Number of protein chains: 4
Amino acid sequence: MSEIGVAVLGVGLMGADHVARIASRISGARVAVVNDQVTEKAERLAATITGCRAIADPLDAIADRDVDAVVLATPGPTHEKQLLACLEHRKPVLCEKPLTTDVETSLEVVRREAELGVRLIQVGFMRRFDDEYRALKALIDGGELGNPLVLHCVHRNPVVPGHFDSAMTVRDSLVHEVDVTRFLFDEEIVSIQIVKPTPNSLAREGLFDPQIAILRTASGRHVDVELFVTTGVAYEVRTELVAEKGSVIIGLDVGLVRKSAPGTWGGTITPSFKERFGQAYDTEIQRWVDAVRSGGTTGIYTDGPTAWDGYAATAVCEAGVQALQSGQPVAVSMVDRVSIPGA
Amino acid sequence: MSEIGVAVLGVGLMGADHVARIASRISGARVAVVNDQVTEKAERLAATITGCRAIADPLDAIADRDVDAVVLATPGPTHEKQLLACLEHRKPVLCEKPLTTDVETSLEVVRREAELGVRLIQVGFMRRFDDEYRALKALIDGGELGNPLVLHCVHRNPVVPGHFDSAMTVRDSLVHEVDVTRFLFDEEIVSIQIVKPTPNSLAREGLFDPQIAILRTASGRHVDVELFVTTGVAYEVRTELVAEKGSVIIGLDVGLVRKSAPGTWGGTITPSFKERFGQAYDTEIQRWVDAVRSGGTTGIYTDGPTAWDGYAATAVCEAGVQALQSGQPVAVSMVDRVSIPGA
Amino acid sequence: MSEIGVAVLGVGLMGADHVARIASRISGARVAVVNDQVTEKAERLAATITGCRAIADPLDAIADRDVDAVVLATPGPTHEKQLLACLEHRKPVLCEKPLTTDVETSLEVVRREAELGVRLIQVGFMRRFDDEYRALKALIDGGELGNPLVLHCVHRNPVVPGHFDSAMTVRDSLVHEVDVTRFLFDEEIVSIQIVKPTPNSLAREGLFDPQIAILRTASGRHVDVELFVTTGVAYEVRTELVAEKGSVIIGLDVGLVRKSAPGTWGGTITPSFKERFGQAYDTEIQRWVDAVRSGGTTGIYTDGPTAWDGYAATAVCEAGVQALQSGQPVAVSMVDRVSIPGA
Amino acid sequence: MSEIGVAVLGVGLMGADHVARIASRISGARVAVVNDQVTEKAERLAATITGCRAIADPLDAIADRDVDAVVLATPGPTHEKQLLACLEHRKPVLCEKPLTTDVETSLEVVRREAELGVRLIQVGFMRRFDDEYRALKALIDGGELGNPLVLHCVHRNPVVPGHFDSAMTVRDSLVHEVDVTRFLFDEEIVSIQIVKPTPNSLAREGLFDPQIAILRTASGRHVDVELFVTTGVAYEVRTELVAEKGSVIIGLDVGLVRKSAPGTWGGTITPSFKERFGQAYDTEIQRWVDAVRSGGTTGIYTDGPTAWDGYAATAVCEAGVQALQSGQPVAVSMVDRVSIPGA
């Protein structure tokens, strides 16, 4: 299949972010349809994207012939119906968590997909795609750390909306650590306990915050999670794995840090320019492509260092090669700046 | 302009990387043409990319009607002719450094572009697009650091090819710090000195390594650069800016670290999930799109957490909400695993 | 009182360390008496210290007229009797933990001291004197962090002796975090739970390791402690305080790290040479004093940089002052090395 | 020799610090005599220290029969005469840098000591006793890093006194890096260059600040030093050694950090409680000894955790052992607090 048409259902904070992502950074897909409970919001958004329509009914959007795949960013209570519609139309769907809001309907969705015999549903547990979590998973799977025993997690938000209640801490925040546990340990969680310490006096009255969740997995591993959603500081997501042959922390703002025998701590230096500057190359090329596409009206087809910058660098390096021989300071010789449009 | 056709000239290490990037991660562009001195290499590569042709002559490739823009990853000595051809055809070109291999031809290219009155040439100084360098530049431009005074740079490679000589340290390695200096300070470099200390006994005989470059800018700022290309360790690129009101280091493997009055050191915590997990979302969506595009043959249209993962998370969270009320451990109840294709 | 005479009871690992400390690094005290269950061990040690005697009976040692104060590093079961003897003789005593091995005898000791109306007993919870714990306590008491809510502790040993059992994890390891909690929070602990996860397969059969202790304080604060005594890595003691206005971690091998609004992480740079080089000055002077005291036999009364080092530094700085004026490299002029004894 | 009597000459900032050090933290020495150009200052200080006298003339202080050794913290221009007096009286002397203020007099002092054939003079280059510099030196001497090639140093002060001039940057700040270079490399420095970049506009008019010193050693090694004494931030002293088989940085506020093949960065975890809590034990015992010595008047002979703290810890651990067996939360049972003096 060449470029696919995607319908994004629900264009609030998360959905709008996905629309922008697909429209400007993702190769091989375009936003064909947007939908939202607030029809005007979808229409306004559609108008900003070439070839994109707003469709008022989410089930119509799923069924639309121009739609090859669906992103669900709608409220959780609507997921069941929308997921079943995707299955019915055999359209692949990326569903933001939760799958559905209760166990029975979740199980129903799982069974319907199993009956179809195809795998159409992906749940939006995005941490599985985060470079640090992937590196941690790779370390576990590589076996060097020995058997994993304990996971310490921290999940902190600076602030939450006014309607956020204690159960949402479990359903909306803890849910990520639930998936991280299952992803890293490849096994199910069998029991859960929630400790409610002295609450933060700066939080809304009645909100139990922080909470401490204590999980146990089928094989007996221990996971503890500090959930604190009114810290006033920043977004902090940290995971420490304690294994038989060392421990690893991610989320300390300093990359993945490992502790190993015989008593060392530290991380890995980027091995080559590809790892170190991969993001820079991607951004450079994407922005250059964007500049080229819009350059016709401006006569400026670049978004970065100009020919003059190239000339100046050559002039300095030429002096540098002389300086390499002499060991003395060498003056750099350059002509007066040549004027180029937009420079 | 909708999706643009790009010709990539030179498909060695760097060029092939750009081909893969444009083909799989960049929105709004496709690889229309590839070219290489080794014709077969270009042909083999073209065969793997839908809608891509190999063209044997670089000037023909530039002139091709299907080509809207050009990426130059050819050897430096061929750049002048190819750049002039791009200007002649008014095709935007992203030219890997160096612009050309000497000052005279570089200046000629600059002048031709200026005469045309359009800005078609971008030089591949990719560090200007690196998140850390951009954050550093933003800190300088924001004025909080006061006037920048000194730059300490480190440029270390674990190993270089056998033909790498002392002048290449200047032309191929130092050139990046030359551009970083000009980018961060917005002014020209007026003199350069190279110190040659005791050479690394593990380096090739005759190679001056390490070298210390000492630059002075027009306004009198000082830049020193350690260039050490046979460290045996890893790829280390570090820049420390010392300004009147604090200093900032990037490239220490721990993010941007700032030192400010009254005596603190540290960095910034990612403010929200967008910064923390932006890369994860991009990867999630790109891989999901790729899976959907290739799913027809497999019946598996996802590349991540399945509906079962969604069900399991819901089951744990439902138990968690009970545990929130009771304070006691609550067993998680789940059905036996439902089989889904590919799971 | 001028220099006090100390009796050290028990000269195993801990006691011998205290003997060496008092003999060589502590001002105002001398080791007057040593005692051990193994009489010869005490006698051998006494013979190495000027003015020190071995006394076979611990109660005689306590009562000795030359003893002004007592350090108890004997096995826990002997503490009660020895502490009561110290109280009877009104001798100040520093007692390594535990105070006694059960609650009843501990309480008896507390009551006897209270009846005497003097405060003679100090328990060896040395973390209260650690610079990082003190800095953390000062941050709490200063009020900037707001109300402390949660403490996450890690207590890891690389290895433990063969007789170490699961209860010792609680009595000998957790006891430190018990005191840290009481020290930092200034309140009592009201309940404790111990989670036993999958044990480390590399630990001795039958040892529950790791263990997770979950404490609750009188006001409702939560403390969790990972106790893992067979990590094979190193000695790791970490404490993270989570408070209403930020969090602080010590024990990450990088100094005290604080996270504060509006989203920054980091630490404090040593404000002056006193903090940065205080340890260096103490060591310099102590070693110089030691060298002077033993210099009579060698003719070498120093333990550091010589007059020649002073001359060389002056020669370089004199050339430096010339170089400051000229901006050019200045050769340093020095005579041939002058020979000094021991140099 | 038992406890030695020390004369401290010059009791300004540095000298007074040494007086306090010797009086309260150093074993085996006492401050017998103090001296200062401002006689009253010395007298006031002497009055606070048991057994200490002020002597108005520095040469009398050196000659005094009660003085076994001398600490010189007087202004540099007086050093020559005082050092020669120490040699004449054969008294060991610890001389704060500089040895003397010019090369000729320094050399004269070196020669006189050599003629005597004893080694009486130590220069106060205290960094040689700093734990981090010693660890770095040990790494070099251990040979694991291969041949050292380059040293990058940073020496930053937040502020300097009003009389501080550009030459003092060389004589008073750079002098430490001069000695560090000679200490780490075990060879002499043969040339020096000083670069004067754009000065800090926040510094005093006429002060060249920052300065960049470039040193070359006899074997050809390169050292660069950023000297910046008006940063407004804090006291920052950093040294990075670049060697053939890796690099090491100290002074980044995070302990010694090493980069090694195959691409790792990091440090060493403290191997045992002795390294981790050595400072805590020293402080605990010193403060306990001080409390015991002054306890007679207060009835409080301790400076730390009380018997009650010991009781409370035992009570919690006893509950912990029960909790270890049950896995359930166990309430901690304690009597009401028993009152002890000063608690």
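## Ground rules

The model is predicted, so local features need pLDDT of at least 70 and side-chain atom pairs count only at pLDDT 80 or more, while totals for chains, interfaces and linings use all residues. Residues are numbered from 1 along each chain as its sequence is written, chains are lettered from A and ligands numbered from 1 in the order in which they are written, and side-chain values use heavy atoms, with hydrogens and water left out.

## Where chain A meets chain B

Start with contact, which means heavy atoms within 4.5 Å. Chain A brings 144 residues to this contact, and chain B brings 144 residues. The size of an interface is often given as the accessible area lost when the parts come together. Here the buried area (accessible area, 1.4 Å probe, that two parts lose on being put together, summed over both) is about 12,800 Å². Carbon and sulfur atoms give 65% of that area. On chain A's side, Arg119(A), Trp288(A) and Leu324(A) supply 7% of the area buried against chain B, more than any other three residues.

Charges meet here too. A salt bridge is a side-chain nitrogen of Lys or Arg within 4 Å of a carboxyl oxygen of Asp or Glu. The interface of chain A and chain B holds 14 salt bridges. One of them joins Asp130(B) to Arg276(A), at 3.0 Å from N to O. Helix α8 (residues 273-294) of chain A gives the most to the side that touches chain B: 19 residues. Helices here are DSSP runs of H or I with at least four residues, strands are runs of E with at least two, and both are numbered from the N terminus. That side of chain A divides into 77 nonpolar, 33 polar and 34 charged residues. Nonpolar means Ala, Val, Leu, Ile, Met, Phe, Trp, Tyr, Cys and Pro; charged means Asp, Glu, Lys and Arg; the others, Gly among them, are polar.

## Strands across the boundary

Strands of a sheet pair through backbone hydrogen bonds, either parallel or antiparallel. Two strands pair if DSSP finds at least two bridges between them. Strand β15 (residues 330-331) of chain A and strand β8 (residues 189-195) of chain B are joined by two bridges and run antiparallel. Val330(A) sits opposite Ile192(B) in β8(B).

## A sheet inside chain B

Chain B has an open sheet of six strands, in the order β3-β2-β1-β4-β5-β6, with parallel pairing. Its edge strands are β3 (53-54) and β6 (121-123), each pairing on one side only. Three bridges link β4 (residues 69-72) to β5 (residues 93-95) in chain B. Val70(B) has Val93(B) as its bridge partner in β5(B). Helix α1 (residues 13-24) of chain B packs on the sheet and touches β1 (4-9), β2 (29-35) and β4. The direction of α1 makes about 150° with that of β2(B). Such angles run from 0 to 180 degrees between N-to-C directions, with axes fitted to C-alpha atoms, for helices over the stretch in contact.

Over all chains, the whole structure has 108 salt bridges. Among them is Arg30(B) with Asp66(B), at 2.9 Å from N to O. This pair links distant parts of the chain, 36 residues apart: Arg30(B) lies in strand β2, and Asp66(B) in the loop between α3 (58-63) and β4 of chain B.

## Where chain D meets chain C

In this contact, 144 residues of chain D touch 144 residues of chain C. Their salt bridges number 14. Asp17(D) and Lys274(C) form a salt bridge at 3.7 Å, N to O.
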